[in-house]
Every structure is written in structure tokens, then in C-alpha cells.
Amino acid sequence: MPTARERVRAEITAEITAAARRQLAEVGAAALSLRAVARDVGMVSSAVYRYFPSRDDLLTRLIIDGYDALGTAAETADDPAAGPEERWAAVCGAVRDWARAHPHEYALLYGSPVPGYSAPRDTVPAASRVGIVLGTILGDAARAGRLTGGSGDGGNGRVPGLIGDAAVEVLGKGAPGVDDAVRVRALLAWSSLFGSISFELFGHLVGSVEDADAYFARVVAELGTLVGLGPAR
């Protein structure tokens, strides 16, 4: 059970990160300032530094929190009892819904890089959560005979120099038939999902798409076909 000091620290940390998220909406990540955040929560700058030693530490916390919230949305939307196409569509839809509800946090994760900031490896586990959900769907589909386009030999064929070990860990590792041929399409679908959402959020579909919901549903269906999700064989 947390001590009183730990509870107080957690509460103040939450206040600081909430103020920082408001700053994201008002001025953007590049202009995020610990001094401004301190003023927002009624603290002196030196006190905030005890919780976040630098702006980069605060940005890292916001990024991890954002990825975790997005990952939770994807995981919650996935129903293992449903068919693979339905699971795929539900997860992709949940990712879009989260992005539309949290556009400034989404922009921090997938928008322009923040000048002078380089995300540490600490952000990778949280950033991988959506990919893990998609990879789980592919792996389950492969085990159920609902995934096409693999090597067909039941193995996990690797192509030297093509897909990194980190992506293999995320995208259906250990599932028979999920090989690098599948992983290439999975990475293409994963990036296309976020590319489509980014185009919508950042206004790049204006004039090109009449019905954003219908367009997104079609994109998700096409990406599901691309990765090899289909009816039972």
C-alpha cells in the first residue's frame, strides 16, 4: 500500500502532467515550458523540477502516457471471441476514436518531431501496444486457418536484413504461418492505419474524401485483406 508521501507525490505528478497536456493543446509540444506548467499548477519552477528534472523528462512522461492510453483503447476493443476481420475492424476503429478524442496527444505521438528532443527507449514498450494487439489478431487468425499469404509451410520464415527482431516480437511471434511475408504486409497495414488517421486529423483529406467514416471503414477492410484476413478455409 502506498505511503502518504507516495500518494501525495502521485497526486502532484498527475496535476503536473494534466497541466502539461493543457499546454500541448494551447501552444504545442515544441513550446512546452516547465515554467508555464509550474504557473498553471501554482508551484514555483524549482518545485516542479523535483518531479521532472527537465522539459524532456516531462515530454517523455506525456508520450508514454499517451501511448499507454492508446494501447488500452486498442486492447479494450479487441474481443478474442469475435472473428479476425471483426477484431481487426474494432481495434482500428478504437485507435481512430482515441485519436479524434485526443488530437493534441495524438499529434505529440505521430505529428512533427519536437526540435531538440529524442525519445528514449523507455517509450518503446508503450508504443508497441497497438502493434501487439494487431499482431495477436494475426497470430490467432493463423492458428485458426484464417490467415492467407504466408509461406504455407507452417514455419516462421525469416528473410535476412528485412524485418527486425523487435518487429517479430510484436507481430505474431511463434504463430505458425506468420513469416516475414506476412510481417511486411502487417507493417504496411500498421503504418497505413496511422497514416490514414493522421491525414484525417491534420486536414489532408479535405476535398478528397466526402464521408470520412465510410472512407475509414473501407481503408480498414482493405488493410485487413492486405494482411491476409479472410473467411475460414
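Trainee: Val 114: buried or exposed?

Mentor: Val 114 is buried, because its relative accessible area is 10%. Buried means under 20%, exposed means over 50%, and partly exposed lies in between, using a 1.4 Å probe and protein chains only.

Trainee: What kind of model is this?

Mentor: A predicted one, where local features need pLDDT of at least 70, side-chain atom pairs count only at pLDDT 80 or more, and totals for chains, interfaces and linings use all residues. Numbering starts from 1 along each chain as its sequence is written, and side-chain values use heavy atoms, with hydrogens and water left out.

Trainee: Back to Val 114. Where is it placed?

Mentor: In the loop between helix H6 (103-110) and H7. Helices here are DSSP runs of H or I with at least four residues, strands are E runs of at least two, and numbering goes from the N terminus.

Trainee: And what is Val 114 in contact with?

Mentor: Ala 29, Ala 30, Arg 55, Leu 59 and Leu 108, leaving aside neighbours within four places in sequence. Contact means heavy atoms within 4.5 Å.

Trainee: What phi does Gly 28 take?

Mentor: A positive one, about 90°, just after H1.

Trainee: What span should H1 have?

Mentor: H1 covers residues 4-27, which is 24 residues, so at 1.5 Å a residue it should span 34 Å. The end C-alpha atoms are 34 Å apart, which agrees. The expected span is 1.5 Å times one less than the number of residues.

Trainee: Which H1 residues are buried?

Mentor: Thr 13, Ile 16, Thr 17, Ala 19, Ala 20, Gln 23 and Leu 24. They pack against helix H2 (34-41), helix H3 (45-48), H4 and H6.

Trainee: Why do residues three or four places apart point the same way in an α-helix?

Mentor: An α-helix has 3.6 residues a turn, so residues at that spacing point the same way.

Trainee: Zooming out. How many helices and strands are there?

Mentor: The chain has 11 helices and zero strands. The C-alpha trace spans about 65 × 45 × 35 Å along its principal axes. Of the 233 residues, 42% count as buried. Among contacts with a separation of 6 or more, 71% join residues 24 or more positions apart.

Trainee: Which residues form a nonpolar patch?

Mentor: Val 159, Leu 162 and Val 184, with about 230 Å² of accessible area together. Patch residues have over 30% relative accessible area and no salt bridge; like charges are joined within 9 Å, nonpolar side chains (Val, Leu, Ile, Met, Phe, Trp, Tyr) within 5 Å. A salt bridge puts a side-chain nitrogen of Lys or Arg within 4 Å of a carboxyl oxygen of Asp or Glu. Val 184 is found in helix H10. Val 184 counts as partly exposed because its relative accessibility is 36%.

Trainee: What about Ser 198, buried or exposed?

Mentor: Ser 198 is in helix H10 too. It is buried, at 11% relative accessible area. It touches Tyr 106, Tyr 110 and His 204, not counting residues up to four places away.

Trainee: And where is Leu 205?

Mentor: In the loop between H10 and H11. At 13% relative accessibility, Leu 205 counts as buried. Its contacts are Ser 196, Phe 199, Glu 200 and Tyr 215, again leaving aside neighbours within four places.

Trainee: Switching to H8. How many of its residues are buried?

Mentor: 11 of 15, which makes H8 mostly covered. Val 133, Leu 134 and Ile 137 are among them. The packing partners of the buried residues include helix H5 (84-101), helix H9 (165-170) and helix H11 (212-227). Just after H8, Gly 145 takes a positive phi of about 70°.

Trainee: Last one. Where does UniProt place the "DNA-binding region"?

Mentor: At residues 33-52, from an unreviewed entry. That span is 60% helix and 0% strand, with end C-alpha atoms 12 Å apart. UniProt also lists "domain: HTH tetR-type" at residues 10-70, likewise unreviewed. Residues 10-70 are 75% helix and 0% strand. UniProt positions use the numbering given here, feature names are shortened, and annotations may be inferred rather than shown by experiment.

How values were computed:
Areas by Shrake-Rupley, 256 points an atom, 1.4 Å probe, with all protein chains shown as cover.
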